[in-house]
Amino acid sequence: METIINQEIQQAITAHKEGKLEEAERLYRKILETQPTHPDVNHNLGGVLYALGKLDEAIASCKKAIELKPDYVIAHYNLGVIQKDLGRLDEAEASYNKAIELKPDYVEAHNNLGNLQKDLGRLDEAEASYKKAIELK
């Protein structure tokens, strides 16, 4: 059974990488019918949904992945990206900060946090976030 699931996940990832987003969404959803607690599949579905412009569904998938695996750094980061796109800046900031808490050397999270802080007019904080990103890079 696990081999079949792994093959299905690989098919979905391949479709995703090839830009076949509707196919990838269908495959991820099919896997979740039998494996609803698979954090990677929930997270990957969130990425596909984000690319398809289904932002609220993408948030739900990322949150599900985090619920299943609270230390899932990239899911926290991607959740922040989606929240920022929806204008939920406080939530996005919290997600970026959680990603940084879990992985202090996460350059992209520091950079995106800086962008968000800049957008909020908190320039001193933005400068500190950018400097941290540069220091790490």
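## Chat about a predicted helical model

Me: Starting with His 43, where is that one found?
Reply: His 43 is found in helix 3. Bear in mind that this is a predicted model.

Me: Buried or exposed? And what's the number for His 43?
Reply: His 43 has 9% relative accessibility, so it counts as buried, the cut-off being under 20%.

Me: What does His 43 touch, leaving out residues up to four places away in sequence?
Reply: With those left out, His 43 touches Ser 61, Cys 62, Ala 65, Tyr 72, Ile 74, Ala 75 and Asn 78.

Me: Which other residues of helix 3 are buried?
Reply: Besides His 43, the buried residues of helix 3 are Pro 39, Val 41, Asn 42, Asn 44, Leu 45, Gly 46, Val 48 and Leu 49.

Me: How far does helix 3 reach, end to end?
Reply: Helix 3 has 13 residues, and from its first C-alpha to its last it reaches 19 Å. That's close to the 18 Å expected at 1.5 Å a residue.

Me: What happens just after helix 3?
Reply: Gly 53 takes a positive phi there, about 80°.

Me: Back to Val 41. What does it touch, again skipping residues up to four places away?
Reply: Val 41 touches Ile 9, Tyr 28, Ile 31 and Leu 32.

Me: OK, on to cores. Which members of the largest nonpolar core touch the most other members?
Reply: Tyr 28, Ile 31, Val 41 and Ile 82, out of 24 residues in that core.

Me: And which elements give two or more residues to this core?
Reply: Helix 1 (2-17), helix 2 (21-34), helix 3 (39-51), helix 4 (55-68) and helix 5 (73-85).

Me: What other core lies apart from it?
Reply: There's another core of 11 residues, with Val 73, Tyr 96, Tyr 106 and Leu 113 among them.

Me: Switching to rings. How many aromatic pairs does the count come to?
Reply: Two aromatic pairs. In one, the ring centres of Tyr 77 and Tyr 96 are 5.8 Å apart with the planes at 45°, so that pair is tilted.

Me: What do Tyr 77, Tyr 96 and Tyr 106 form?
Reply: One aromatic cluster. For the accessibility values, Tyr 77 is buried at a relative accessible area of 12%, and Tyr 106 is buried at 7%.

Me: Which charged end sits over the ring of Tyr 106?
Reply: That of Lys 103, 5.0 Å from the ring centre. Elsewhere, Lys 69 lies over the face of Tyr 72, at 4.5 Å from the ring centre.

Me: Let's look at helix 5. Which of its residues are buried?
Reply: Val 73, Ala 75, His 76, Tyr 77, Leu 79, Gly 80, Val 81, Ile 82 and Gln 83. What covers them includes helix 3, helix 4, helix 6 and helix 7.

Me: Quick one on Glu 67: buried or exposed?
Reply: Exposed, with a relative accessible area of 58%. Glu 67 is in helix 4, and its C-alpha is separated by 32 Å from that of Glu 135, 68 residues apart along the chain.

Notes. Residues numbered from 1 in each chain as written. Predicted model: local features only at pLDDT ≥ 70, side-chain atom pairs only at ≥ 80, totals over all residues. Heavy atoms only, no water. Core = buried A, V, L, I, M, F, W, Y, C linked by side-chain atoms within 4.5 Å. Buried < 20%, exposed > 50% of the residue type's maximum accessible area, 1.4 Å probe, protein only. Helix = DSSP H or I, 4+ residues; strand = E, 2+ residues; numbered from the N terminus. Contact = heavy atoms within 4.5 Å. Phe/Tyr/Trp six-rings, centres within 6.5 Å; stacked < 30°, edge-to-face > 60°. Lys NZ or Arg CZ within 6 Å of the ring centre and 35° of its normal. Expected span 1.5 Å × (residues − 1).
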